[in-house]
Amino acid sequence: MGSLLLAVIYLAFISLGLPDSLLGAGWPAMQSSLNVPSSYAGYISMTISLMTVISSLFSPHLIKKMAVKWIVIISIALTVCGLLGFSSVNQY
C-alpha cells in the first residue's frame with residue numbers, strides 16, 4: 001500500500017510540473033507555427049507561474065472543502081486540458 005501511495009504521489013508531482021518543461025521543449029516549434037518572437041514564451045511562462053501561485057493560495061480552502069485525492073485528480077485533469085490547449089492553438 002505504501003508503494004502505491006508513493007507511486008501516485010510521484011505521478012502527481014511529475015504531471016503538475018509537466019507544462020513548464022514542455023513549454024521549454026516545445027516552444028521552438030510553437031514559435032515558428034505561431035509566427036511570434038521568442039520573448040512571447042516568457043508571457044506564457046509568467047502566466048503559468050501566476051496560476052501556480054494562485055492555486056497555492058487557494059489550496060488550504062480547497063483542502064477544507066474536499067478530499068486531497070479529488071484535488072489531485074482535478075488538478076491533473078486541468079493540466080491535461082492545458083496541454084491539449086497548447087497543442088491545438090493556431091494563434092497566439
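## Aromatic pairs

Rings of Phe, Tyr and Trp (its six-membered ring) pair if their centres lie within 6.5 Å. By that rule, this predicted model holds two aromatic pairs.

Tyr40 is partly exposed, at a relative accessible area of 27%. Tyr40 also pairs with Tyr92: the ring centres are 4.7 Å apart and the planes lie at 50°, so this pair is tilted. Because Tyr40 belongs to helix α2 and Tyr92 to the segment after α3 (68–88), the pair ties together parts that are 52 residues apart in sequence.

Taken together, ring pairs link Tyr40, Tyr43 and Tyr92 into a cluster.

## The nonpolar core

Now for the core. The largest nonpolar core is made of eight residues: Leu23, Trp27, Met30, Leu34, Val36, Ala41, Ile44 and Ile48. Two elements, α1 (2–34) and α2 (40–65), each give two or more residues to this core. The biggest contribution comes from α1, with four residues.

## How confident is the model?

Across the protein chain, pLDDT averages 84, and 96% of the residues score at least 70. Helix α2 has the highest confidence, at a mean of 88, while α1 has the lowest, at 79.

Note on methods:
Residues numbered from 1 in each chain as written. Predicted model: local features only at pLDDT ≥ 70, side-chain atom pairs only at ≥ 80, totals over all residues. Heavy atoms only, no water. Core = buried A, V, L, I, M, F, W, Y, C linked by side-chain atoms within 4.5 Å. Buried < 20%, exposed > 50% of the residue type's maximum accessible area, 1.4 Å probe, protein only. pLDDT = per-residue confidence, 0-100. Phe/Tyr/Trp six-rings, centres within 6.5 Å; stacked < 30°, edge-to-face > 60°.
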